[in-house]
Amino acid sequence: MNHHLELPLLWIALLAYTAAGVLAILGQIFGRRMERTVLGLVTGGLGLVSLAIVLRWMELGYGPFATMYEILISNVWSLSLIFAVTYWRLPPIRPIAAVVLPVLFVMMGWLLVTDPAGSGLPPTFDTFWLYIHIGFAKVFLGAMLVAVGLAGVVLLRHLFGGRVAFASMPGDASLDELAYRFVLVGLVFDTLMLITGAIWAQDAWGRYWGWDPLETSSFVTWVMLAVSIHLRVTFKLRPVVGATLVMAVFVVGFATFFGIPFITETPHQGTFG
Amino acid sequence: MAMKPSLLAPLASLKFTLTNLLLLLVASVAVARESLPPTWALALPFALLAVNLVAAIACNARLRGSPALLTFHLALLAMLLLAAVGRLTYLDGWVEITEGTRFSGELSGYDAGPWHPWGLDRLDLVSRHFDLDYLPNPGASYAKLGEVRSRFVWRVADGRRFEGEIRMNEPLVIDHYRFYVAPTNKGFAPVLTWEARVSGQTPETTHVHLPRLPDLRHAQATEWHPPGSNRKLWIALDHESEFLPAEHGGDFRAPADHHLVVRDGGQRAELRPGDRLAFEDGVLHYQGLNRWLGYTVRWDITTFWILAAGVLAVLSLAWFLVERVMRSPWRTAEPGRSTSPVPDRGAAQLHVSAR
């Protein structure tokens with residue numbers, strides 16, 4: 001495949017995300033938030049990633065659903081979109097860009113060192129459940145990324161002099177409450193992802209659950225979400241503890257999305273057999 | 001006699017929920033690492049969670065007072081009970097069926113719940129024909145699997161006849177039994193007729209399944225006992241053609257130029273389709289080479305209802321979330337933070353977006 005247009009677009013998008021992240025961090029440190037510039041850079045980067053996906057889709061004839069490169073590019077797109085909408089609609093929490101954007105530009109960097117070759121789609125991917133299942137998964141991870149931004153601010157306020165840098169944001173209790181709401185949104189979409197995945201698995205492989213590495217890791221993520229919510233309700237946790245839990249759930253969720261397929265080489269074991 | 005709430009209280013507590021969720025976490029990891037069989041590993045945490053849910057619904061007035069939370073927890077309870085019924089009645093089986101033959105109802109192997117209502121022998125199911133198309137796969141050992149189609153005919157109790165096709169991810173569903181193709185499990189089946197030298201005994205035709213292809217393509221041999229005979233024959237397929245060459249692809253079919261090697265002790269014979277081989281106790285007639293294909297057979301009537309309960313759980317959870325967002329803003333008055341340089345617009349906007 002010829003990637004002569006797609007890869008340069010992604011390199012420019014990486015520059016845009018990196019610039020946005022650096023500006024967001026410097027803005028917090030020096031107290032000069034350039035929110036319009038940050039939003040413009042993120043939106044521009046998102047546009048370039050969208051264009052790269054469209055070009056690739058037209059050239060290969062299928063969407064970014066199979067290889068590690070495709071999983072990364074589609075998630076960079078969805079996470080950027082969810083973050084950009086949140087950034088636009090919730091001005092009081094815009095400083096979370098200093099936490100979220102480094103995650104995005106590290107993912108972009110990872111994407112650009114991954115093999116972009118297409119592998120084709122297996123016959124089991126020829127179903128509309130693909131779009132529904134993956135769509136729910138992306139909303140789940142997007143909600144968790146915003147929760148991580150909020151939790152990151154709470155944690156940074158207790159470390160590295162973050163209390164001064166993030167003084168303009170609402171207090172820890174408010175950020176913790178909002179993070180918890182995004183975690184609840186995450187739980188709803190994670191549950192939907194598991195249900196639609198089970199329906200798809202029933203169609204494709206004749207069993208709705210098979211404990212393959214990705215299924216197990218997804219279930220562990222769901223249980224972690226449930227545990228973190230129940231811990232918060234049961235013990236009335238301090239914001240810093242709640243924030244640590246959000247981080248832990250995100251790490252497990254992130255590993256499910258990007259670690260397990262990386263280890264097993266395919267989204268689900270046997271998918272390409 | 002009703003139990004006193006004080007007895008149920010510990011079972012209804014959130015701490016008990018947490019303990020059970022952590023137990024479920026450990027059991028899930030154990031299952032994934034294949035340290036424990038799934039049914040038994042998950043039975044305890046799921047049973048404890050069900051007890052916890054029942055107790056919580058009985059004892060927790062706040063939970064009963066919120067229709068959204070109550071629906072969510074009832075839906076979770078329904079899912080747990082349905083999963084238990086599913087494990088008691090499920091069937092996961094596999095079978096090899098020769099093209100053009102009737103499925104006897106006997107599986108090659110299976111896992112089943114103790115209460116599975118066996119009914120496979122009632123299915124009057126006949127394999128008509130199957131196609132396995134292979135695509136070129138340069139650089140690999142053999143071609144890449146493309147389309148799979150397997151046609152069957154069957155009759156139902158009132159005598160009506162149906163015809164249907166199984167494709168790669170499209171099962172054939174008869175009486176809640178779901179038949180899937182397992183295209184990595186397929187092979188050749190020499191058709192052998194044994195004519196015993198015993199008066200009154202009719203010739204009997206058998207399809208002998210050779211080892212599966214493509215992974216056992218260099219070991220196409222098996223042992224076979226002619227029906228009613230103590231004789232043990234060693235049968236091997238010998239052919240010159242390459243199995244589905246990676247450069248060309250093609251469809252999976254019996255090689256036209258082949259012969260069957262038959263060994264009986266120290267004696268060896270080569271048979272082509274139509275050849276006969278005489279023994280002291282009978283005559284072996286090689287009719288030709290057929291093909292067999294592997295299928296998996298599943299039965300679980302709870303799947304749809306688990307799905308329905310799951311959807312209800314998600315909807316009620318979303319309902320709870322929307323109620324919470326509507327009821328109280330996320331920004332709270334905080335001691336020591338009397339002023340804020342950022343206008344409190346976030347809560348209002350979250351309300352708007354939730355509506």
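## Exercises on a two-chain model

In chain B, 5 residues of domain 1 touch 8 residues of domain 2; two residues count as being in contact if their C-beta atoms, placed from the backbone, lie within 7 Å. The model is predicted: local features need pLDDT of at least 70, side-chain atom pairs count only at pLDDT 80 or more, and totals for chains, interfaces and linings use all residues. Residues are numbered from 1 along each chain as its sequence is written, while chains are lettered from A and ligands numbered from 1 in the order in which they are written.

### The domains of chain B

Task: Work out which residues belong to domain 1 and domain 2 of chain B, and how many Å separate their centres.

Solution: 
- Start with the bounds, which come from an automatic or database domain assignment. Domain 1 of chain B covers 5-90 + 301-326, and domain 2 covers 92-299.
- Next, take the centres over C-alpha atoms: those of domain 1 and domain 2 of chain B lie 45 Å apart.
- Finally, sort the residues of domain 1 of chain B that touch domain 2: they are 3 nonpolar, 1 polar and 1 charged. Here Ala, Val, Leu, Ile, Met, Phe, Trp, Tyr, Cys and Pro count as nonpolar, Asp, Glu, Lys and Arg as charged, and the others, Gly among them, as polar.

### Two chains, two builds

Task: Describe the helices and strands of chain A and chain B, then decide how each chain agrees with the globule rule.

Solution: 
- Count the elements. Helices (H or I, at least four residues) and strands (E, at least two) are DSSP runs, numbered from the N terminus. Chain A has 9 helices and 0 strands, whereas chain B has 7 helices and 15 strands.
- Apply the rule to chain B. Its radius of gyration is 31 Å, well over the 20 Å that the rule gives for 355 residues, so chain B is more spread out than a compact globule. The radius is taken over C-alpha atoms, and the rule is 2.2 Å times the number of residues to the power 0.38.
- Apply the rule to chain A. For 273 residues a compact globule would have a radius near 19 Å, and chain A agrees with its 19 Å.
- Look at the outlines. The C-alpha atoms of chain A fill a box of roughly 55 × 50 × 30 Å along the principal axes; the C-alpha trace of chain B spans about 100 × 60 × 45 Å.
- Check burial. A residue is buried if 20 or more other C-beta atoms, placed from the backbone, lie within 10 Å of its own, exposed if 12 or fewer, and partly exposed in between. In chain A, 52% of the 273 residues are buried; in chain B, 27% of the 355 residues are.

### Where the chains meet

Task: Find which helix of chain B gives the largest share of the side that touches chain A.

Solution: 
- The contact takes 44 residues from chain A and 45 from chain B.
- Elements of chain B that each supply at least two residues include helix 2 (14-32), strand 7 (177-196) and helix 6 (303-327).
- Helix 2 of chain B gives the largest share, with 12 residues.
- By class, this side of chain B has 25 nonpolar, 12 polar and 8 charged residues.

### Strands and a hairpin

Task: Follow strand 12 of chain B to its partners, strand 10 and strand 13.

Solution: 
- Two strands pair if DSSP finds at least two bridges between them. Strand 12 (residues 258-264) and strand 10 (residues 233-239) of chain B run antiparallel, with 6 bridges. B:Trp234 faces B:Arg263 in strand 12 of chain B.
- Strand 12 of chain B is also joined to strand 13 (residues 267-271), antiparallel, by 5 bridges; B:Leu260 stands opposite B:Leu271.
- In the hairpin of strands 12 and 13 of chain B, 2 residues lie between the strands, and B:Gly265 takes a positive phi near 65°.

Task: Locate the elements of chain B with the lowest and the highest mean pLDDT.

Solution: 
- pLDDT is the predictor's confidence in each residue, from 0 to 100. Chain B averages 84, with 91% of residues scoring at least 70.
- Helix 7 of chain B is lowest (37) and strand 1 (residues 91-98) highest (93).
- Residues 338-355 of chain B fall below 50, and this stretch has 28 contacts in the model beyond near neighbours in sequence. Where pLDDT is low, the predicted coordinates should not be read in detail.
- The model scores ipTM 0.77 and pTM 0.76.
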